[in-house]
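I'm jotting down what I looked up, entry by entry.

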Amino acid sequence: MKQQAENTQKVYLEIDRVSKKFGDFVALDKVSLEVFDGEFICFLGPSGCGKTTLLRAIAGLDIQTSGSIHQAGKNISALPASERDFGIVFQSYALFPNLTAEKNIAFGLENQKMEKTAINKRVNELLELVGLPDQAPKYPAQLSGGQQQRIALARALATSPGLLLLDEPLSALDAKVRSHLRHEMKSLQRRLGVTTIMVTHDQEEALTMADRIVVMNQGVIEQVGSPTQIYREPDTLFVADFVGAMNQVPGRVTKNGSVRVGELSFTPQSHSQSEGAEVVVAIRPEDIIPTNSNLEKEQKSSTSNSLTMEIVDMEFLGSFWRVSLTNSALGTQSLLADLSINAIRRLTIEVGATIHVELPADRLWVFPSKAES
């Protein structure tokens, strides 16, 4: 289904029913998407979902089998990569090893027959822009991975392209450098206002950098939305499961939209599943709320979302604890809850103890079971 623009921003890139086949394998299946001028979009999904294939189709590196692509109102569907207006940064940097940093940046400008003084000025501007003014004479082998990636970014921006394409640009870097660079890249993109599409399988990267995220799965778009929408309002079980941690337990819909899990009934948020349907009931670990309630079992209504659970395991993750909870009435299912350090101290939580928790109805999702979806 075509993803329509949700606001009045100008559409810069329009992808209309694009398909790509490799023999009998369908890598992209009638994908449609509108990208706004100056927007930072992330294509997010597991390996083989089609995100890189879509990026390469946009770049003209792998022409689509069918469908059309328009950039700034121009049909570029059949144009070779050399005639398209984009800069690209690859995971492997793809710097010329025999050229210095400044020569790598100047490469595209020299191909455009720009005057030498103008080239030097532009190269110096870009080295300042990416924070490496003193690295100009160094060769790629003399630069760190993070520095090489910045030079690759400067090279991609050298010709002032209308579209910047990033193919997993940070995945080869260690975690600390990656975290620092993604902040710098997002800040740079905002300053330049260049329309940017980044491919990643890293959900944290997408959530922190993108204006909108395009979640892809098996050659189709599962959902398009802001990072908050993708995380807090997943349209499908795939999105809920792929982005962030998610408890998933099998259940059945009962009357009035309630769901039954094991011997217990819960009130979830509004859903479209019919009574009797087999479903997956889902809640994020951070949405399980510990309470000081002393409700006895007999006081609980059949639709209460509060219950007593036993703590069977605790995992320290720095800023919070991930706690594994069980209740025999849920059967063999356990739930993971992310609890703050303060909550652990305040409620004296330890393995073997019991705790009262609430599963808020507005955070309890109901999806079709995998067998029925």
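Predicted model: local features only at pLDDT ≥ 70, side-chain atom pairs only at ≥ 80, totals over all residues.

Which way do Phe86, Gly87, Ile88 and Val89 point from strand β6, and are they buried or exposed? I found Phe86 and Ile88 on one side and Gly87 and Val89 on the other, all of them buried (under 20% relative accessible area with a 1.4 Å probe, protein chains only; over 50% would be exposed, in between partly exposed). In a regular strand the side chains alternate between the two faces of the sheet.

Numbering starts from 1 along each chain as its sequence is written, and side-chain values use heavy atoms, without hydrogens or water.

Ile88 has Leu165 as its bridge partner in β7. Strands here are DSSP E runs of at least two residues, helices H or I runs of at least four, numbered from the N terminus.

Then I went to Asn305, in the loop between β15 (289-291) and β16 (306-316). Asn305 is buried, at 10% relative accessible area. Polar atoms of its side chain lie 2.8 Å from the backbone oxygen of Thr267 and 2.7 Å from that of Leu359. Leaving out residues up to four places away in sequence, Asn305 touches, among others, Phe266, Val357 and Pro360 (heavy atoms within 4.5 Å).

Last, the whole chain: I noted nine helices and 20 strands, with 48% of the 373 residues buried.

How values were computed:
Pairing = 2+ DSSP bridges. Polar contact = N/O pair within 3.5 Å; in protein donor to acceptor, adjacent residues only side chain to side chain.
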